[in-house]
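Subject: Handover of a structure for your study

Dear colleague,

Please find below the structure that I am handing over to you. I would be grateful if you kept it open while reading the notes that follow.

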Amino acid sequence: MRRTSRTARPVAPPPVASLLALALLAACGAPERGDDKESLIARSRKAIGDTAEAATRCAPGTDAPLTLAVADYIRNAAPKPQRFLVAVGTDSALPEAGQRALQDKGPMYLFPGSPALQAQARQLLHDKGDYTTMLVVLREATRQDSAAVIRLQGHYVGGEEDGRSAAPRRYQATCSADGWKLARRAPEQSA
C-alpha cells in the first residue's frame, strides 16, 4: 500500500489536453457495423483536429471579440458615420483590431488629445468635406477564457452632428467551436 501526504493534490490535466481526450473518446465511441480500423482512426483525427482548431480560435490574444463589437457598433450607429476618428494618447484609444474594423467601414483619422491639435484636425476634416464623422472610444475591454465584455461609445465631430454623442453600448461575446459570436448587445446610460 502506498501512502501519500495530506498535502498532495491530484494534478488536473491541461484544458486543451482534456478537450482532445474527450474528442477522441466521442469520436471513437462504439464502432458501427462495417467500421474498420482506418475509418475509426480517421474519425478520431477529425474530432481531435476540430477540437484543437476551436481551442486555437478562443486562445488568448484573439482580437475577434473587439472586431465584432466595433463592426456592430458602427453598423447600428444613427446617423451613419462616413468616416472615423480614433483617439491618440488616451486610455480610451481603440487597439489595433478596433482600428482595422473602422478602416473596413470607411476612412479613419487619428484625433489627438490636445485641444490645439484637435482644432487642426477639425480644420483638416472640414477641408476634406463635411461628412458625418464619429470618434469611437473604448470604455472597457475584459476577457476571461471564452467570454469577453466590450463597451464602446461614439462622439460626432464636425458637421451638422458636431458635439452629439452616440449611444454607448455593451457587448458580450462568447467563443465556442464555431468561433467568436456576439451573445448580447445592450445600450447603456451615457457617462
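Two strands are said to pair if DSSP finds at least two bridges between them. Please bear in mind that this is a predicted model.

**The sheet**

By that criterion, β1 and β3 pair in the parallel sense, over four bridges. Within this pair, L85 stands opposite L135 in β3. The pairing of β5 (residues 165–176) with β6 (residues 179–187) is antiparallel and rests on eight bridges. A hairpin of two residues connects β5 to β6, and Y171 stands opposite R185 in β6.

Taken together, six strands form an open sheet in the order β2-β1-β3-β4-β5-β6, and the pairing is mixed. Strands β2 and β6 are at the edges with a single partner strand each, so one side of each has no neighbour in the sheet. On average, neighbouring strands of this sheet are turned by 30° against each other, direction ignored.

**The helices on the sheet**

Helix α3 packs on the sheet and touches β1, β3, β4 (147–156), β5 and β6. The direction of α3 makes about 35° with that of β4. Helix α4, in turn, lies across β1, β2 and β3 and runs at about 165° to β1.

Which residues of α4 (residues 96–103) are buried? They are A97, G98, A101 and L102. Seen down the axis of α4, these buried residues fall within an arc of 145°, so they line one face of the helix.

**The nonpolar cores**

The largest nonpolar core has 27 residues, of which V70, I74, L94, L102, M134 and L152 touch the most other members. Two or more residues come from each of α3, β1, α4, β3, β4, β5 and β6. The element that gives the most to this core is α3, with five residues. Leaving aside residues up to four places away in sequence, V70 touches L94, G98, A101, L102 and L152. There is also a second, separate core of eight residues, among them F111, L125, L135 and V157.

Yours sincerely,
A colleague

How values were computed: Residues are numbered from 1 along each chain as its sequence is written. This is a predicted model: local features need pLDDT of at least 70, side-chain atom pairs count only at pLDDT 80 or more; totals for chains, interfaces and linings use all residues. Side-chain values use heavy atoms; hydrogens and water are left out. Buried means under 20% relative accessible area, exposed over 50%, partly exposed in between (1.4 Å probe, protein chains only). The arc is that of the directions from the helix axis to the C-beta atoms. Axes are lines fitted to C-alpha atoms, for helices over the stretch in contact, and angles run from 0 to 180 degrees between N-to-C directions. Contact means heavy atoms within 4.5 Å. A nonpolar core is a set of buried Ala, Val, Leu, Ile, Met, Phe, Trp, Tyr and Cys residues joined through side-chain atoms within 4.5 Å.
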